[in-house]
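Biologist: Could you walk me through this one? I'd like to know what sits behind each label you use.

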Amino acid sequence: MDVCDRLIVGKSEPIVKTKELIRQVANSDLNVIICGESGVGKELVAQALHLSSIRRDRPFIKVNCAAIPGELLESELFGYEKGAFTGADRSKQGKFEVAHKGTMLLDEIGDMPMFLQSKMLQVLQDLQFSRLGGKKDVQVDCWIMAATNQELEQSIREGRFREDLYYRLNIIRIFIPPLRERTDDIQPLINHFSEEFAETSYNARFDFAGEAMEFLHEYSWPGNVRELKNVVGRLMLLGDWDTLKQELMGRDARKIDSRQLGAQPGAPFADDQELGEQRKFPPLKEVKKKAVQEAEGKLISAVLQETGWNRKKAAKILQISYKALLYKIKELGLDKNK
Ligand SMILES: Nc1ncnc2c1ncn2[C@@H]1O[C@H](COP(=O)(O)OP(=O)(O)OP(=O)(O)O)[C@@H](O)[C@H]1O
Ligand SMILES: [Mg+2]
């Protein structure tokens with residue numbers, strides 16, 4: 001078991017392939033761009049790359065380009081000399097210098113302001129730059145990685161991202177699909193996180209077998225692995241499955257609603273060619289679920305009408321338990337058009 005297997009859990013084809021790719025490029029120093037929706041594991045993949053390389057004992061530095069405003073980001077990355085700007089009362093190393101001999105992850109690169117994108121393009125040529133207000137050239141040796149949950153091709157078309165910078169970064173491209181497209185990973189991830197929580201939190205336990213596992217397998221995971229990890233933690237500590245299930249169904253429904261309206265919540269990432277197709281065709285699972293819900297809704301409504309909303313009688317006719325019927329009525333929102 002190597003560092004990739006230890007860090008990255010999952011047996012789906014895209015995950016197995018990603019791990020292979022990490023091993024192949026680990027000592028290449030080629031620029032890497034890691035793409036995928038929020039919470040799919042982009043940072044984890046960057047760490048796995050770093051830890052699989054000969055740089056593993058050197059620093060792994062992450063700078064979030066979305067969290068820091070433009071000018072501040074520039075000084076954060078490249079450092080500054082004393083007097084470079086008001087308040088610079090001493091000189092400071094930038095993150096590139098700190099990452100020397102190690103790895104630099106430019107997180108949320110899609111949010112980097114244009115003026116810095118131009119500067120980055122130059123810096124990526126030879127990894128030489130000077131601190132703000134400085135005259136000396138600084139030379140660093142670091143492995144450059146970038147991550148994004150945006151569709152950079154789209155940002156380029158909209159003039160928000162430099163195409164030349166994109167090509168410079170895009171030497172090795174790792175795309176991590178959303179969790180709902182690699183459901184084979186759900187069970188191993190649940191097992192992994194529940195073991196992890198059981199080790200760290202005294203008394204944490206939850207039985208994931210049966211109904212819960214089935215539901216979690218079908219759920220769309222808009223927040224991907226991060227959401228799954230939180231769900232597992234909450235269930236193990238609080239065990240409030242019924243409440244949580246309602247919440248998750250709410251999240252699921254909202255996602256489907258906004259898709260129907262043509263909106264793209266949280267800018268889900270897709271490959272360029274795939275994008276058009278995805279907008280045109282909803283995933284089969286969603287269609288199946290909606291069709292079943294529609295059919296169930298019609299039948300249950302008819303029976304409820306027939307029985308004058310006598311739920312006990314209706315459950316008998318439908319041959320489901322009373323509790324199951326109450327749940328269905330709530331799930332399908334039938335009580336609202338009573
Ligand atoms: N395959 C995996 N195996 C084990 N843990 C995972 C896996 N994928 C993601 N995680 C865990 O899920 C959480 C979210 O992952 P990470 O921070 O790498 O996502 P991200 O893609 O960088 O998200 P964001 O776009 O929001 O920054 C982390 O705690 C990470 O360790
Ligand atoms: Mg991240």
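Modeller: Let's go label by label, with the cut-offs as we need them. This is a predicted model, where local features need pLDDT of at least 70 and side-chain atom pairs count only at pLDDT 80 or more, while totals for chains, interfaces and linings use all residues. Residues are numbered from 1 along each chain as its sequence is written, and chains are lettered from A and ligands numbered from 1 in the order in which they are written.

Biologist: How many helices and strands does the protein chain have, and what makes a run count as one?

Modeller: The protein chain has 16 helices and nine strands. They are DSSP runs, numbered from the N terminus: helices are H or I with at least four residues, strands are E with at least two. The C-alpha trace spans about 85 × 45 × 40 Å along its principal axes.

Biologist: Why is tryptophan 221 called buried?

Modeller: Tryptophan 221 has 25 other C-beta atoms within 10 Å. The label needs 20 or more, whereas 12 or fewer means exposed and anything in between is partly exposed, with C-beta atoms placed from the backbone. So tryptophan 221 is buried. Its place is the loop between α10 (211-218) and α11, and it has a positive phi of about 45 degrees although it is not a glycine. Across the protein chain, buried residues make up 28% of the 338 residues.

Biologist: And what does tryptophan 309 count as, with 14 C-beta neighbours inside 10 Å?

Modeller: Tryptophan 309, with those 14 neighbours, counts as partly exposed. It lies in the loop between α14 (284-306) and α15, and its phi is also positive, near 60 degrees, in a residue other than glycine.

Biologist: Is glutamine 122 buried or exposed, and how do you know?

Modeller: Glutamine 122 has 10 other C-beta atoms within 10 Å, so it is exposed. You'll find it in helix α6 (residues 114-126). Glutamine 122 and leucine 165 are 43 residues apart in sequence and 9.2 Å apart in space, C-alpha to C-alpha.

Biologist: What makes leucine 334 partly exposed?

Modeller: Leucine 334 has 17 other C-beta atoms within 10 Å, and therefore falls into the partly exposed class. It sits in the segment after α16 (322-331).

Biologist: Which residues does leucine 334 touch?

Modeller: Leaving out residues up to four places away in sequence, leucine 334 touches Gly297, Ile300, Ser301, Leu304 and Ile329. Contact here means that the two C-beta atoms, placed from the backbone, lie within 7 Å. Leucine 334 and alanine 99, 235 residues apart along the chain, have C-alpha atoms separated by 58 Å.

Biologist: Why is α9 called oblique to α11?

Modeller: Helix α9 (residues 186-200) and helix α11 (residues 224-238) pack at about 50 degrees, with their axes 9 Å apart. That angle makes α9 oblique to α11. Under 35 degrees would be roughly parallel, over 145 roughly antiparallel and 65 to 115 roughly perpendicular, with the rest oblique. Axes are lines fitted to C-alpha atoms, for helices over the stretch in contact, and angles run from 0 to 180 degrees between N-to-C directions.

Biologist: Which residues make that contact between α9 and α11?

Modeller: From α9 there are Leu189, Ile190, Phe193, Ser194 and Phe197, and from α11 Val225, Leu228, Lys229, Val232, Gly233 and Met236. By class, that contact has eight nonpolar, two polar and one charged residues. Nonpolar covers Ala, Val, Leu, Ile, Met, Phe, Trp, Tyr, Cys and Pro, charged covers Asp, Glu, Lys and Arg, and the others, Gly among them, are polar.

Biologist: How are α15 and α16 set to each other, and what makes you say that?

Modeller: Helix α15 (residues 311-318) and α16 pack at about 100 degrees, their axes 9 Å apart. They are therefore roughly perpendicular to each other. Arg311, Lys312, Ala314, Ala315 and Leu318 in α15 meet Tyr322, Leu325 and Leu326 in α16. That contact of α15 with α16 has six nonpolar, no polar and two charged residues.

Biologist: Last one: which of the 15 residues around ligand 1 come nearest?

Modeller: Val9, Gly41, Lys42, Glu43 and Val225 do. A residue is near a molecule if its C-beta atom, placed from the backbone, lies within 6 Å of it. α3 (42-52) and α11 each supply at least two residues of the shell, which divides into five nonpolar, six polar and four charged.
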